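Student: Hi! I have a protein open on my screen and would like to talk it through with you. Shall we start?

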Amino acid sequence: MKKVLLIIIGTLSTIYSMAALRIDSVTINIIDTINNKIIEQLVSPDNYHLYDLGDDYNGPDSLYIELDYTRLQTPKVRCKSVDDFKSLVDTPYVYNGIWTSCDVNEDGLTDYLLNVKGTDPSNWEPYQFNEDSLVDRNKRGFILVINRGDYFETDIRNYDCFPSENEDGGSSFPPELIIETNNKSLTINYEREVFGSWAYEFIYKKDNYVLTSYSRSMYRWGFFVKSQHFDFVNHKLKVYKLQRNSNMEDRKEESDDQYMTIYYSYYKIKPIMITDIVNID
């Protein structure tokens, strides 16, 4: 347990000063209800590590969300029309269009989620497939703008929670970011070619987006391997995974595989607000 705590502190101390952290660790239980096995995990207000039993393909699965409670929301700003949205963005960030529209307060008026982007010159880096050219790796974020009828007003914001559209994808292209809204709900999807997809789901509540679930599907050599669904409302984790034929290279047909479903339960944890999340990736 101490080793996990040291890893957490070491990771965060490279980003934030220790004075800014609140390390108040508690222990929760994740329960494998099939095998009646309890796995103790560490949860602190600044980090959540939730692991399943792991498998033979890519090691233990985890959900790691890094939070920063020291971020302050700047005062709300107003503008008259959609054409003035760029005036709502604080320097050194710039207005980069509209992610999507929504109606978070369900008053029949169209609200907007603005796309904002950093402008730090030091974040222009060599392109991994052509080192003679540079790409902009400044991170992206959002501002939620509420339609008040006679004017638009900024609500919540997180300026740099999304990776750059030019993120280094290693041997492949970076994942595609897709943001969708349905009134109070917000879904942040990532699609990555044959490797899989993952999504964060939020609900607008008490002037913030609260994380309600996280889902992930994983593929290997074009075959489905595993899916996870973290339910932060009911404190459940569902894992649907390959049960046999773990030697993926010997597989002939996907129909040859058998799958198992494992359900876990864990104690209620502190709600995760989108404004506190450092990276949604």
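Tutor: Happy to! Keep in mind that this is a predicted model.

Student: What volume does the second largest pocket have?

Tutor: The volume of that second largest pocket is about 370 Å³. It is lined by 15 residues, and those closest to its centre are Lys205, Val210, Leu211, Phe232 and Pro271.

Student: Which strand gives the largest share of the lining of the second largest pocket?

Tutor: That is strand 15, which covers residues 209–220 and supplies three residues of the lining.

Student: OK, new topic. How many helices and strands are there in the protein?

Tutor: There is one helix, and there are 18 strands.

Student: And how many residues are in the largest nonpolar core?

Tutor: The largest nonpolar core holds 33 residues. The ones with the most contacts inside this core are Leu144, Phe162, Ile188, Phe202, Tyr209, Ile274 and Ile280. Among the elements giving two or more residues to the core are strand 10 (140–147), strand 13 (185–192), strand 15 and strand 17 (236–242).

Student: Which strand gives the largest share of this core?

Tutor: Strand 14 does, with four residues. There is also a second, separate core of 11 residues, including Cys79, Val89, Val116 and Val145.

Student: What percentage of the residues in the protein is buried?

Tutor: Buried residues account for 45% of the 281 in the protein.

Student: Let me zoom in on one residue. Where is asparagine 115 found?

Tutor: Asparagine 115 sits in strand 7, which spans residues 111–117.

Student: Is asparagine 115 buried or exposed, and why?

Tutor: Asparagine 115 counts as buried because its relative accessibility is 8%, and buried means under 20%.

Student: Nice. What does asparagine 115 touch, not counting residues up to four places away in sequence?

Tutor: With those left out, asparagine 115 touches Val94, Tyr95, Asn96, Gly97, Ile98, Trp99, Arg140 and Gly141.

Student: And how does asparagine 115 sit relative to threonine 100: what is the C-alpha to C-alpha distance?

Tutor: The C-alpha atoms of asparagine 115 and threonine 100 are 8.7 Å apart in space, and the two residues are 15 residues apart in sequence.

Conventions
Residues are numbered from 1 along each chain as its sequence is written. This is a predicted model: local features need pLDDT of at least 70, side-chain atom pairs count only at pLDDT 80 or more; totals for chains, interfaces and linings use all residues. Side-chain values use heavy atoms; hydrogens and water are left out. On a 1 Å grid over the protein atoms alone, a cavity is a set of points where a 1.4 Å probe fits but cannot get out, and a pocket is an open set with protein on both sides within 12 Å along at least five of seven lines; lining residues have an atom within 4 Å of a point. Grid points are joined across faces, edges and corners, and a volume is the space filled by probe spheres set on the points. A nonpolar core is a set of buried Ala, Val, Leu, Ile, Met, Phe, Trp, Tyr and Cys residues joined through side-chain atoms within 4.5 Å. Buried means under 20% relative accessible area, exposed over 50%, partly exposed in between (1.4 Å probe, protein chains only). Contact means heavy atoms within 4.5 Å.
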